[in-house]
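Work through the exercises below with the sequence and the model open. Try each task before reading its solution.

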Amino acid sequence: MEKENIIVSKTIDFSLDIISFCETLEQSRKFVIANQLLKSGTSIGANVHEAQNAESRADFIHKIKIAAKEIEETKYWLVLCEKSPNYPFEPTLKSKINEIGLIVYKIISSSKSR
């Protein structure tokens, strides 16, 4: 039996949560933020997933660093939702993205030190 890859699982779950939240944003007619958040929030998992089949350690680190950039962008869009009185906000997304960020930054630092 294959061992579960925690970061892959967490980013897939997060992507599904982001899709649901973006549907809520769209129902509130917040299309621009919904579109930006959908792109960056699902891109995290796509890059982490792609890194699993990297051609080299350098390629792996590069793909994980792209995921880290997408994490920061996603945090930005979530902060805008949180701080705007006219936008819906889902606090669990903030805690989940912070947890994913900690894991990704740990992966980057441990991959570089090998």
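Predicted model: local features only at pLDDT ≥ 70, side-chain atom pairs only at ≥ 80, totals over all residues.

Residues are numbered from 1 along each chain as its sequence is written, and side-chain values use heavy atoms, with hydrogens and water left out.

**Exercise 1.** Determine how helix H2 and helix H3 are arranged.

Solution. Helices here are DSSP runs of H or I with at least four residues, numbered from the N terminus. H2 covers residues 31-51 and H3 covers residues 57-83. Their axes come within 8 Å and cross at roughly 155 degrees; axes are lines fitted to C-alpha atoms over the stretch in contact, and angles run from 0 to 180 degrees between N-to-C directions. H2 is therefore roughly antiparallel to H3, a term for angles over 145 degrees. The crossing of H2 with H3 is left-handed, meaning that the near helix is turned anticlockwise from the far one by less than a right angle. The contact residues divide into 14 nonpolar, six polar and four charged. Nonpolar covers Ala, Val, Leu, Ile, Met, Phe, Trp, Tyr, Cys and Pro; charged covers Asp, Glu, Lys and Arg; the others, Gly among them, are polar.

**Exercise 2.** Describe the packing of H1 and H3, and list the residues that make the contact.

Solution. The axes of H1 and H3 are 13 Å apart, at an angle of about 35 degrees. This crossing is left-handed. H1 contributes Phe14, Ile18, Phe21 and Leu25, and H3 contributes Thr74, Leu78 and Cys81, where contact means heavy atoms within 4.5 Å. By class, these are six nonpolar, one polar and no charged.

**Exercise 3.** Locate Arg29 and state its phi.

Solution. Arg29 lies in the loop between H1 (6-27) and H2. Its phi is near 65 degrees, a positive value in a residue other than glycine. Most residues other than glycine have a negative phi. Arg29 is exposed, with a relative accessible area of 64%.

Terms used: Helix = DSSP H or I, 4+ residues; strand = E, 2+ residues; numbered from the N terminus. Parallel < 35°, antiparallel > 145°, perpendicular 65-115°, else oblique. Buried < 20%, exposed > 50% of the residue type's maximum accessible area, 1.4 Å probe, protein only.
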